[in-house]
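Open the model in your viewer and keep the sequence panel beside it. The tour below goes stop by stop, with something to select at each.

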Amino acid sequence: MRTQVGIIGAGPAGLLLSHLLHLRGISSVVLEKRSRDYVERRVRAGVLEQGTVDTLVEAGVGERMKREGLPHHGIELRYGGAGHRIAFERLVPGRSITVYGQQEVVKDLIAARLAAGGDVRFEVEDVAVHAPESQPYLTFGGERLDCEIIAGCDGFHGVSRPSIPEGVLSVFERDYPFAWLGILARVAPSSQELIYTRTERGFALHSMRSPTVSRFYLQVPADAREEEWPDERIWAELKARLETVPGFTLTTGEIMEKGVTPMRAFVVEPMQYGRLYLAGDAAHIVPPTGAKGLNLAVADVRVMTEALAAYFERGSAELLDGYSAACLKRVWRAQHFSWWMTTLLHTFEDDDPYARRLQLSYLDYVTSSEAAATTLAENYVGMP
Ligand code: APR
Ligand code: PHB
């Protein structure tokens, strides 16, 4: 079997790449180890930057997102007994975000790929990368797929990054001393906008998916286990962290999904080796506080599509050679922003009273200075 681009992973990165390549007349095969049902149900973040929305719409996969996605023109920072709105419409006019679950994006992309006759294979076993430096091919479940290019879109735990010989990649990483417990609940949002709240008990986030489904996160210890968090404890803790301003009541409901996500930052440089190119979580992870993960994956794929189009249409390898450098600029901006949002809003066990006062003073600055609020807003809605 032969294809132009062999894609490992049917997350947002792999699926979108396959679809964008198809629109440019470039063939690909997507190999995914999980089932279709599994990837469509996997609950992840849900904040889409304008650039991500535009990419999906231009690619013809934005119909349902335009109907069901929730446009947001601001977020609230809540701390010290008060809420402070970061007003995108005033600080970054014309730019906003859309709340639409990542698994909905994945469903839309799978539907589009299959409708166009795309070759997306689920439950594929033992994918392995061979000869990435010269004549690459993939093997899986006893088959062989010869490729001109391999795209490693297989997430943080995939096989593509580890197939690069030792010593080639520089690794930059940081593990945070806490995790996020995320839940999806069948209950109307208690607020129209997302609330990022900092309390002495830790951080919490009130997000949403639809008028009847809400999404919440709690900062928990790094070694927290789901079993330690029965539903009543989750609601009590969310109330303790969110019901901190006069007149705000959190409405509770049935918890449909629960999961603990470690907080980690990770980047490899370069994001390429020979004819193997990494995109999305395979190359970089951000802590979720700035909601950048999915948006970075989409940005990588946009860059890779242009580079592959230049290569297959005109035989020019220039953009491919510059792929990593082009992506890493945005990746590092997002790394800094995510680290900044994380340190601004979480409690760190070894913080002394001085550090805590400093954090509150910085929050006061961000919510009262036009310049600081604009920095937050500009990064939150994303680079064009
Ligand atoms: N063989 C085939 N598929 C694999 C393998 C493997 N060995 N290892 C992992 N995969 C698949 C995973 O099952 C998953 O479906 O690769 C896919 C990677 O998808 P994601 O983890 O969603 O990563 P990506 O597409 O880069 O999207 C980035 O996902 O983790 C979030 O916050 C992140 O929102 C961001 C987005
Ligand atoms: C989400 O809705 O899942 C979400 C929102 C904002 C974040 C992270 C996750 O910063």
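How many bridges join strand β1 to β11, and do the two run parallel or antiparallel? Select residues 2-8 for β1: 6 bridges join this strand to β11, and the two run parallel. Bear in mind throughout that this is a predicted model.

**Stop 1: strand β11**

Select residues 143-152. This is β11, a mostly covered strand, with 7 of its 10 residues buried. Find C147 in β11; T3 stands opposite.

β10 pairs with β11 in the antiparallel sense, over 4 bridges. Here T139 faces R144 of β11. The hairpin of these two strands has 2 residues between them, and G141 takes a positive phi near 40 degrees.

Next, pick residues 276-278, strand β18. β18 and β11 pair in the parallel sense over 3 bridges.

**Stop 2: the nonpolar cores**

Show the side chains of V5, L17 and L308. In the largest nonpolar core, which has 72 residues, these three touch the most other members. Then select residues 293-314, helix α8, which gives the most to this core, with 11 residues.

Center on L17. Leaving aside neighbours within four places in sequence, its contacts are I7, A151, C153, V301, M304, T305 and L308. Now move to a second, separate core of 38 residues. Among its members are W180, F203, L345 and F348.

**Stop 3**

Which cysteine sulfur is nearest to that of C153? Select C327: its sulfur is the nearest, 11 Å away. A search of the whole structure finds 0 disulfides. C327 is likewise in no disulfide, and its nearest cysteine sulfur is that of C153. C153 has 7% relative accessibility, so it counts as buried. C327 counts as buried too, because its relative accessibility is 3%.

**Stop 4: the 8-strand sheet**

Color the strands of the open sheet with the order β6-β5-β13-β14-β15-β12-β16-β19. It has 8 strands, and the pairing is mixed. The edge strands are β6 (82-87) and β19 (284-285), each pairing on one side only.

Zoom in on residues 74-79, strand β5. β5 and β6 run antiparallel, joined by 6 bridges. Look for E76 there; R85 in β6 stands opposite.

**Stop 5: helix α10**

Which strands does α10 lie across? Select β12 (170-186), β13 (195-199), β14 (202-210), β16 (254-269) and β19: α10 lies across these. The helix runs at about 125 degrees to β16.

Within α10 (residues 323-345), pick S338. Is S338 buried or exposed? At 0% relative accessibility, S338 counts as buried. Not counting residues up to four places away in sequence, S338 touches V286, P287, T289 and K292.

**Stop 6: the 3-strand sheet**

Finish with the open sheet of 3 strands in the order β3-β7-β4, where the pairing is antiparallel. β3 (47-49) and β4 (70-72) stand at the edges with a single partner strand each, so one side of each has no neighbour in the sheet. Neighbouring strands here are turned by 30 degrees against each other on average, direction ignored.

β7 pairs with β4 in the antiparallel sense over 3 bridges. Show H72 and I97: H72 stands opposite I97 in β7.

Technical notes: Residues numbered from 1 in each chain as written. Chains lettered and ligands numbered in written order. Predicted model: local features only at pLDDT ≥ 70, side-chain atom pairs only at ≥ 80, totals over all residues. Heavy atoms only, no water. Pairing = 2+ DSSP bridges. Axes fitted to C-alpha atoms, helices over the stretch in contact; angles between N-to-C directions. Core = buried A, V, L, I, M, F, W, Y, C linked by side-chain atoms within 4.5 Å. Buried < 20%, exposed > 50% of the residue type's maximum accessible area, 1.4 Å probe, protein only. Contact = heavy atoms within 4.5 Å. Disulfide = S-S within 2.5 Å.
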